[in-house]
Amino acid sequence: MKVWNKIRGWAGQDELAVEMRAHRAMIEDRLRSEGMSADDARNQATREFGPLATAIEGSREGWGFAWVEALWSDARFACRALARDKTFAATAVLTLGAGLALASVAFTLFNAYVLRPFAVLDPDSLYAVKFKAKDTSVSTHPWRVFEDLRAKKEIFADAYASRAVFVSGIDRHWNGTLVSRNYFRMLGARARMGRFLEPGDGNVVVLSHDAWQSAFAADPGVLGKTLTLHGQKFEVIGVAAREFSGIEEAPADFWGPIEKLPVFRGEERELLVEVIARLEERVTKVRAESTLAPMAAAIQTDLRPLLESRATAMNFSPMILLVFSPVLVALGLVLTTCCANVANMLLARGLARQREIGIRLSVGAGRWRLIRQLLTEALVISVLAGVVGMGLSQLALEGGQRLFFATAPVEFTKMVRLYSLQPDYRVFLFALGAAAVAAMGAALVPALQATRPNLTAALRGEFGGAFRASRLRDAMVVLQVVVCTVLLSCGALLYRRAAVFQTQDTGMRTTGVLSITGSGRTPEFVRELRARPDVVDVATVLNAPWHSRLWETMVIPEGRQTAIPARHNLVSANYFQVMGIALAAGRVFTEEETRAGGAVAVVSQSMARAFWPGEDPIGKTIRPVETKELENLPVRGDMRVIGVVKDVLHGGIFEGSDHTCLYVPSERGGFLLAQVRGDEDAGLLRLRHWMLERYPLFEAETLTLSTVRNSTIYPFRAAAWFGWILGLLAMTLTVSGMYGVMSYLVNQRSKEIGIRMALGSSPSGVVGLVMKRSIWLAGIGIVVGGGMGAIALRVIIVLSAEVRIVEWDAPALFTGVAIAGVAGVLAALGPSSRAARVDPNTVLRAD
Amino acid sequence: METNELLPGTLEMLVLKTLSRNPNHGYGIAQHIREVSEEALKIGEGSLYPALQRILVNGWVEAEWGVSETNRKVRIYKLTAAGKKRLASERRTFNSMILAIGKVLEA
């Protein structure tokens, strides 16, 4: 009611003026009736009534909306002021916009995966039903468990079954989800063409909008066409609407009936499905979990039910924050640089407007009113910067995606599906909010400083801003140099590490080997593969190179009493040949020994040194030990060491320094490694074609080993580029900031410089004066930055000591320091050369 | 005595009391207070109209346009039921304050 009254009153402001004028007129009437003349009456009335304007203003205060009007007029004033000083406005907007663009990019990604709920019906009530125990987690359930869950009408409104499947094609991979028939209805999906699943459907699929566009070129006649998956033909019966792409971690390309799961996962004996349920209204997650507890306990006594929300692609957990914290810190640093830059600009501007502010203060303007006006100016800048930032962030995301698809290993990119990174209202709000906060932060201290009344100077009539050595301004410049140094050092460090990994000698053949893995492999397949003309040889291995780290098992080497963990691998006889691993002593297995599972073993040099330092390992025995926690070797009884091979780098960049390996002969390894002649990519294509023709039921993932290795390195290269880009951005900002500050200093001290030159100082002396200051600031900055970078590096090395991804890299730090230092010096050259050209005559005359 | 020397809220109480006798316009309220206090309380219009807006926003008076005795267009304020209650409570508070001050002065 009160607010309504307020609005009504605020809208009727002119009526107030009428009312007050009437009041004053009535006072006049009374005075005249008492005998005063008309003029005297009017004067007296004015004196009694008070200045009309003040009275109206005072009444306006009562309405409580005065601040809105003040804001509006301040904003208009700010726009006019900014339009007068376009360079300042443009620089400030671009600087702040660059920092905000980075923040927006980070937030857009966060929004797409963690914040934005899926575009389905009521996503917040959807939960995946899982059972958890201390060290087991059951995410898939047998069919009858699904039916039992679905029948629990008291907690679930409905539930569907689903299972993700992956089909590798020749030039395109398919990410699919097999679902029960109520899936589409439960999620409220719309079809763009055709229909969804119905009872009685056989081999059918529904395509996603993206898949329809990319694989079928948006063909309007796609309904009825067939898709061959795993050797069976599936008819396309529908295309989903653009906004629907399921609620999995990655968008699906197609949906099929869950009954067809055996086609895709033939090796599973029974049908296992994930269950997603929608909570009945007014049922809480906790209550649902407790209702399911007996069901979980019946399967295994310590299992407890756990409902995981499926409203967004990823659930927010502190882990995510931890993993991304370095990136967030880097972005935060750059944004701070931008704010420091803008703050410096505002400081200089405030000093330049000292005359105007001094006059206002002396006429009686309140200090807080002036500060509000300055902050409003910053707010206008922030709105513009927010818009610019959003635009830049969209460009950056677009460019980043293109860059990724262009530079990452091809196989890697074919498997990656990203959710839409379109901005929505949350991103807009974030951009505006971040812009406002950044601008306020940057403008507050300059506003406070600018309005500090220096009445003595004002009274004397000195409105020209005297040069004030500002510690604050210097601190900002130093801060920027520090950030710049740290980021550049990071970029250099990551770049060098990536180069090291790329050129590292792994001790194995990195090109010309294809890896084939999958279920449904037959001995005929291996035979035919070996017989192909372009295949040199085919080996089998349990743990293929660079796919993952080696697994451990427990053994007792000869001469010891206790069991120790040993990294091991199960390999065929020709593994060493195919992978080009050099023999150091003894011999490798024979085919006989591999087939019969003979009790022999080959060790790596590191393992020989670790087990029997200084002794000859050939002939020594190793006893495998059965354990529950780790892998067990297929061999029973002691193994005899028959050979030693050179160390290899098997696990990729996270290997650490452990190169020990125990090679055990076996033909049961899950990976086939085919050494091919000629170009490996052409060989891969030929292989895939052949496999699709001859062995369509063999679901296999085929890759070149070099792709696998590159995929492990690529994140590092990407991080290096990211660090460089941020570092260069910070450097640009620092240079422009320093340039601006130095220019301002030269301007302000032009009188002093003029006097010096008139008294005989040489131009180089003047240049030296200006440069000295900037070198001093830059020097502090790079020393502090270099120190912080060194400390941070040490900390990271200690934390990641096990995996040894980063090493102490003095040249990288030095590079960062050097570039930042050079940039700082160059930035000051412009203003200082201008200082040298100051003409004492002109400068001393003006005041 | 200028009304800005009065305790805050006292002015509103005086205005409400004036209006409790009969509805009036701004000038009339100021006149009445001046006359009844025998020129001791002169309300500057810088204080009167803000006070009137405040009590209007709070719903203690209603206002509508009318014509004064001298045929001028004025806004006439009328006390509401809520205003009556407010006046009573303000008077109670004011009286207890005066009593308290008196005790201190007499002690």
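This is a predicted model: local features need pLDDT of at least 70, side-chain atom pairs count only at pLDDT 80 or more; totals for chains, interfaces and linings use all residues.
User: Which residues of H23(A) are buried, and how wide an arc do they cover around the axis?
Analyst: The buried residues of H23(A) are Glu680(A), Gly683(A), Leu684(A), Leu687(A), Arg688(A), Trp690(A) and Met691(A). They sit on the same side of H23(A), because the arc they cover around the axis is only 170 degrees. The arc asked for is 170 degrees.

User: Which residues are exposed on the other side of H23(A)?
Analyst: Nice follow-up! To count as exposed, a residue needs over 50% relative accessible area. On the other side of H23(A), the exposed residues are Leu692(A) and Glu693(A).

User: Which residue forms a salt bridge with Asp534(A), and is Asp534(A) buried or exposed?
Analyst: Asp534(A) lies in the loop between helix H19 (523-531) and strand S14 (535-541) of chain A, and its partner is in helix H23, 152 residues apart from it. The side chains meet at 3.0 Å, N to O, and the partner is Arg686(A).

User: How many residues apart in sequence are the parts tied together by Arg190(A) and Glu243(A)?
Analyst: The side chains of Arg190(A) and Glu243(A) meet in a salt bridge of 3.3 Å, N to O. Arg190(A) lies in the loop between H8 and strand S6 (191-194) of chain A, while Glu243(A) lies in the loop between strand S9 (232-240) and S10, so the pair ties together parts that are separated in sequence. Glu243(A) counts as partly exposed because its relative accessibility is 41%.

User: How many salt bridges does a search of the whole structure find?
Analyst: The two pairs above are salt bridges, and Arg195(A) forms another with Glu198(A), with the closest N and O atoms 3.9 Å apart. Both of these residues are partly exposed, Arg195(A) at 28% and Glu198(A) at 39%. Over all chains, the number of salt bridges found is 29.

User: Let's turn to aromatic rings. What is the angle between the planes of Tyr160(A) and Tyr183(A)?
Analyst: The whole structure holds 23 aromatic pairs over all chains. Tyr160(A) and Tyr183(A) form one that is edge-to-face, at 4.7 Å centre to centre. The pair links strand S4 (residues 156-167) to helix H8 (residues 183-187) of chain A, with Tyr160(A) and Tyr183(A) 23 residues apart. The angle between their planes is 90 degrees.

User: Why is the pair of Tyr183(A) and Trp255(A) called tilted?
Analyst: Both residues are buried, since Tyr183(A) has 0% relative accessibility and Trp255(A) also has 0%. Their ring centres are 6.4 Å apart. Planes under 30 degrees apart count as stacked and over 60 as edge-to-face, with the rest tilted. The pair is tilted because its planes are at 40 degrees.

User: Which residue has a positive phi of about 70 degrees although it is not a glycine?
Analyst: Two such non-glycine residues can be compared. Ala218(A) has a positive phi of about 55 degrees, and this residue lies in the loop between helix H9 (209-216) and strand S8 (226-229) of chain A. The residue you want is in the loop between strand S11 (272-279) and helix H11 (285-299) of chain A, and it is exposed, with a relative accessible area of 77%. The residue with a phi of about 70 degrees is Arg282(A).

User: Which helix gives the largest share of the nonpolar patch on the surface?
Analyst: The patch includes Phe316(A), Leu328(A) and Phe722(A), and its residues together have about 870 Å² of accessible area. Leu328(A) counts as partly exposed because its relative accessibility is 40%. Seven residues of the patch, the largest share, come from helix H12 (residues 318-352) of chain A.

Definitions and conventions:
Residues are numbered from 1 along each chain as its sequence is written. Chains are lettered from A and ligands numbered from 1 in the order in which they are written. Side-chain values use heavy atoms; hydrogens and water are left out. Patches are made of residues with over 30% relative accessible area and no salt bridge: like charges are joined within 9 Å, nonpolar side chains (Val, Leu, Ile, Met, Phe, Trp, Tyr) within 5 Å. Accessible areas come from the Shrake-Rupley method with a 1.4 Å probe; for residues, only the protein chains shown count as cover. A salt bridge is a side-chain nitrogen of Lys or Arg within 4 Å of a carboxyl oxygen of Asp or Glu. Helices (H or I, at least four residues) and strands (E, at least two) are DSSP runs, numbered from the N terminus. Buried means under 20% relative accessible area, exposed over 50%, partly exposed in between (1.4 Å probe, protein chains only). The arc is that of the directions from the helix axis to the C-beta atoms. Rings of Phe, Tyr and Trp (its six-membered ring) pair if their centres lie within 6.5 Å; planes under 30 degrees apart count as stacked, over 60 as edge-to-face and the rest as tilted.
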